[in-house]
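Trainee: I would like to learn how to read a structure like this one, feature by feature. Could you give me the general idea each time and then the case at hand?

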Amino acid sequence: MKNKLSLFVIAIFLSFCFVIFYKGLNTPNNYTPKVSEKKNIPNFKAKDFDSNNFINSDKIFEENTFYIVNIWASWCVPCRAEHPLLMQLSNNQSIQLIGLNYRDNFNNAQKFINEFGNPYSRILIDKDGTLGIEFGAYGVPETFLIDKNKNIIKKYVGPINQEIMNEIKLIIK
Amino acid sequence: MKILRIFIVLFMVTNFTELRSDETNDALKNKILKNIRCLICQGQSVYDSESDFASSIKFIVDKKTNEGLNEEQIYQFLRKKYGDWIIYDPQLNKNTYILWLLPLLLFLFGGAIIFKKLNNQK
């Protein structure tokens with residue numbers, strides 16, 4: 001009876017270890033961001049790309065419309081790939097695009113905009129990347145969709161593609 | 001001459017105090033950075049990493065400590081932005097209670113077996 005009980009306890013323990021390790025093997029150990037969690041937009045003060053003046057986040061998101069915050073940089077190759085789609089989206093009247101120029105050289109960023117066009121109603125300068133951190137970003141490009149209640153409702157890591165565009169258009173319709 | 005000496009002593013004392021305060025602040029920042037995971041590099045802390053993400057986190061930790069936030073408040077800020085994964089030292093919550101309690105349970109279980117064996121030998 002005692003031996004049976006010991007065997008049972010050992011079997012339970014080994015099964016438990018097996019389940020833990022099996023789950024561990026199947027779970028990626030790199031960071032996978034939560035993309036559908038609703039969050040409020042952070043309060044921040046940022047430098048405007050055109051006027052070079054500091055502007056408060058309340059002033060940036062003051063209109064009752066959807067917003068896209070797109071983190072980009074002139075040195076970022078995937079940003080070039082998504083740019084035509086952002087240009088296309090900027091024609092939509094129900095959304096405003098805010099660009100966050102991430103750790104970039106001002107002249108290079110200006111050249112980028114001159115060459116590929118400006119889809120943004122406002123560009124903010126994020127010289128040291130701290131503004132991106134306030135948004136919970138971890139790289140570039142990254143895009144946040146903000147609803148009329150000023151909540152971040154979607155986060156797209158990496159360049160925007162046609163599928164994402166269709167999803168955004170469906171949400172803001 | 002005496003007054004000059006007093007001034008020199010006072011100058012040295014105040015400066016060393018400042019230096020010590022800076023050192024303490026740097027030590028705290030380093031401690032925090034070593035406990036933050038670099039999310040885009042594998043197995044590296046923000047302290048060890050040279051990536052853009054790590055560099056931005058270093059800036060933000062610097063900014064927050066200068067604003068007067070303590071260690072736990074900075075972790076709380078980062079958890080809010082990125083979740084528990086960003087901190088190396090996990091908090092006790094419903095996702096981590098096995099992690100925290102299992103070693104203790106195993107220790108108690110092992111201790112009970114040894115205690116029982118020793119008692120039986122007597």
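Trainee: What is the accessible surface of chain B, and which share of it belongs to carbon and sulfur atoms?

Mentor: Accessible areas come from the Shrake-Rupley method with a 1.4 Å probe, and for residues only the protein chains shown count as cover. For chain B the accessible surface comes to about 9,000 Å², and 63% of that belongs to carbon and sulfur atoms. For chain A the figure is about 9,900 Å², with 55% belonging to carbon and sulfur atoms. Please keep in mind that this is a predicted model, in which local features need pLDDT of at least 70 and side-chain atom pairs count only at pLDDT 80 or more, while totals for chains, interfaces and linings use all residues. Residues are numbered from 1 along each chain as its sequence is written, chains are lettered from A and ligands numbered from 1 in the order in which they are written, and side-chain values use heavy atoms, with hydrogens and water left out.

Trainee: How many helices and strands does chain B have?

Mentor: Helices (H or I, at least four residues) and strands (E, at least two) are DSSP runs, numbered from the N terminus. Chain B has four helices and zero strands, which gives the pattern α-α-α-α along the sequence. The radius of gyration, taken over C-alpha atoms, can be set against the globule rule, which is 2.2 Å times the number of residues to the power 0.38. For chain B the radius is 24 Å, well over the 14 Å that the rule gives for 122 residues, so chain B is more spread out than a compact globule. Its C-alpha trace spans about 85 × 45 × 20 Å along the principal axes.

Trainee: Which pattern does chain A follow along the sequence?

Mentor: Chain A has six helices and eight strands, and they follow one another as α-β-β-β-α-β-α-β-α-β-α-β-β-α. Its radius of gyration is 22 Å, well over the 16 Å given by the globule rule for 173 residues, so chain A is also described as more spread out than a compact globule. The C-alpha trace of chain A spans about 80 × 35 × 30 Å along its principal axes.

Trainee: In which order do the eight strands of chain A form their sheet?

Mentor: Two strands pair if DSSP finds at least two bridges between them. In chain A the eight strands form an open sheet with mixed pairing, in the order 1-8-7-4-5-6-2-3. Strand 1 (39-40) and strand 3 (54-56) of chain A stand at the edges with a single partner strand each, so one side of each is left without a neighbour in the sheet. Strand 1 of chain A pairs with strand 8 of chain A in the antiparallel sense over two bridges, and N40(A) has N151(A) in strand 8 as its bridge partner.

Trainee: Why is strand 7 of chain A described as largely enclosed?

Mentor: Buried means under 20% relative accessible area, exposed over 50%, and partly exposed in between (1.4 Å probe, protein chains only). Five of the five residues of strand 7 (residues 142-146) of chain A are buried, so this strand is largely enclosed by the rest of the structure. In a regular strand the side chains alternate between the two faces of the sheet. Here E142(A), F144(A) and I146(A) lie on one side and T143(A) and L145(A) on the other, and all are buried. Strand 4 (residues 66-72) of chain A runs antiparallel to strand 7 of chain A and is joined to it by five bridges, with I71(A) opposite E142(A). Strand 8 (residues 151-157) of chain A also pairs with strand 7 of chain A in the antiparallel sense over five bridges, and there I146(A) stands opposite I152(A).

Trainee: Is I68(A) buried or exposed?

Mentor: I68(A), which is found in strand 4 of chain A, has 0% relative accessibility and therefore counts as buried. Contact means heavy atoms within 4.5 Å, and, not counting residues up to four places away in sequence, the residues that I68(A) touches include T143(A), F144(A) and L145(A).

Trainee: Where does the cis peptide bond occur?

Mentor: The cis peptide bond joins V140(A) and P141(A), with omega about 0°, and P141(A) lies in the loop between helix 5 (130-135) and strand 7 of chain A.
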